[in-house]
Amino acid sequence: MLFSSSGGWGAPRAQASERAVAYLAFAPSEKIELSTVAQIEQFRLKVASNSQASSTDAHPGGWMGYFTYEAGCALQGVGHDASVLGRFGYYPLIVELNFSNGESIARWDDELSDEQVAVRLDKLQRGVTEPGFSCAAGDQVEWKAAWTEGEYRSAFQSVKDYLAAGDSYQVNLTMPFSTHANLTGVIPAELFEVFGPAFGAYTNLGGHVIASVSPERFISVSDGKIETCPIKGTVARGKDQKADLDNIQWLRSSLKNQAENLMIVDLLRNDLSMNAEPHSVTVSKLFDIETHANVHHMVSTICAELPSGRTAADVIIDALPGGSITGAPKKRAMEIIRELEVGPRGAYCGVLGYFNRAGGCDFNILIRTIEANAEGARCWAGGGIVYDSVPDEEWQELHTKVRQLLDWTSGRSGSSEAV
């Protein structure tokens, strides 16, 4: 399932609206699990071969799934310890739910017969009426941070040492929170209603659940137009309207956050240029402020044109992993991340989305995300560290970014004891 409270999936950022919409993908005709670079390259070709030049359907029907963060490591030649680099399914039928007018629209491949469509829709109807449970209904879920504050400070200082030595000029250092609770029964509709994400997503593949309230687009391609919208720069929501406006103004005028954002803008301009029409890469918006349920973010928008002979799969795969969650220069930042972090990120900081039949795509960055199975769940948080970053502020920012999400799963309101 893909969900946006602002009509974000498939639409340019400039066309964001108040239209809440979801896309339900189910009963895939084919499933693919990616474990090697060779398999990713085969999938790249498969996506291109499934595109229909005559199709004008800009909706997500087609390949839907995710690449892990470690898929980017493998593609960039950085070591990793992950066995899964991605999972995708081909969905010949999807249902669009428009929450603004209550309409539901089913869209399917011409290859499906009327009987096959009826069977799939009946399966969907039975699935949505089966009982589930909500993690917000009072279940006590205890989250534990992977690092103590002292351990985080040690890793932070190691990053600062690398910055001082000139190895990198920004590193995105992240830390997981974990729980032994089984969160695979989370009801995505309730999660999306609470957080109203721009690029929300939910998958349940054989008991492996990803529930994301991501605010960030990775890259979209539609009608030959490429767009990426990196987030870099964060401040908490204020306790009242005046404090909220003060926080927005602080973030807007923060030279440190502008510098962090600009570093990633430059990195992503380079990433897009690998598969863009020469001289078409432009920054259409720089240092915009966007407001979300728990934070304000600084967001920039970069656009380009897709040349003939290049595909949406080329654009996505060649830009993995997203620059906003690595640092810059990308490869060296990734090497530092591998050295300092506690283990593979998995789906976190990967990308989730779709390649549609019209040759387009849209993928988010998997932040504000819970990855769960029957044995437990993880929810990561991180932030870009530059030379003038302050450890107290960065430690607090980690918790600010995910506190509401952790509290929601714990059935608590405003408690920070679990983190």
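Me: Are Lys-401 and Glu-397 buried or exposed?

Reply: Both Lys-401 and Glu-397 are buried, where buried means under 20% relative accessible area, exposed over 50%, and partly exposed in between (1.4 Å probe, protein chains only). Before we go on, this is a predicted model, in which local features need pLDDT of at least 70 and side-chain atom pairs count only at pLDDT 80 or more, while totals for chains, interfaces and linings use all residues. Residues are numbered from 1 along each chain as its sequence is written, and side-chain values use heavy atoms, with hydrogens and water left out.

Me: What do the side chains of Lys-401 and Glu-397 meet in?

Reply: They meet in a salt bridge, 2.9 Å from N to O. A salt bridge is a side-chain nitrogen of Lys or Arg within 4 Å of a carboxyl oxygen of Asp or Glu. Both residues lie in helix H10 (residues 391-410), 4 residues apart, about one turn of the helix. Helices (H or I, at least four residues) and strands (E, at least two) are DSSP runs, numbered from the N terminus.

Me: How many salt bridges does the structure hold?

Reply: It holds 25 salt bridges. One of them pairs Glu-33 with Arg-87, with the closest N and O atoms 3.1 Å apart. That pair links distant parts of the chain, 54 residues apart: Glu-33 is in strand E3 (residues 30-34) and Arg-87 in strand E5 (residues 86-91). Glu-33 counts as partly exposed because its relative accessibility is 42%.

Me: Which residues are linked in a network of salt bridges?

Reply: Those are Glu-41, Arg-44, Asp-314 and Asp-318.

Me: New topic: where is Lys-232?

Reply: Lys-232 is in strand E14 (residues 231-236). This lysine is buried yet has no salt bridge, and the nearest side chain of opposite charge, Glu-260, is 5.3 Å away. For charge, Lys and Arg count as positive and Asp and Glu as negative, while His and the chain ends are not counted. A polar atom of the Lys-232 side chain does lie 2.6 Å from the backbone oxygen of Ser-324.

Me: Last one: what is the mean pLDDT of the chain?

Reply: The mean is 90, and 93% of the residues reach 70 or more; pLDDT is the predictor's confidence in each residue, from 0 to 100. Over residues 412-419, though, the pLDDT is below 50. Where pLDDT is low, the predicted coordinates should not be read in detail.

Note on methods
Polar contact = N/O pair within 3.5 Å; in protein donor to acceptor, adjacent residues only side chain to side chain. Contact = heavy atoms within 4.5 Å.
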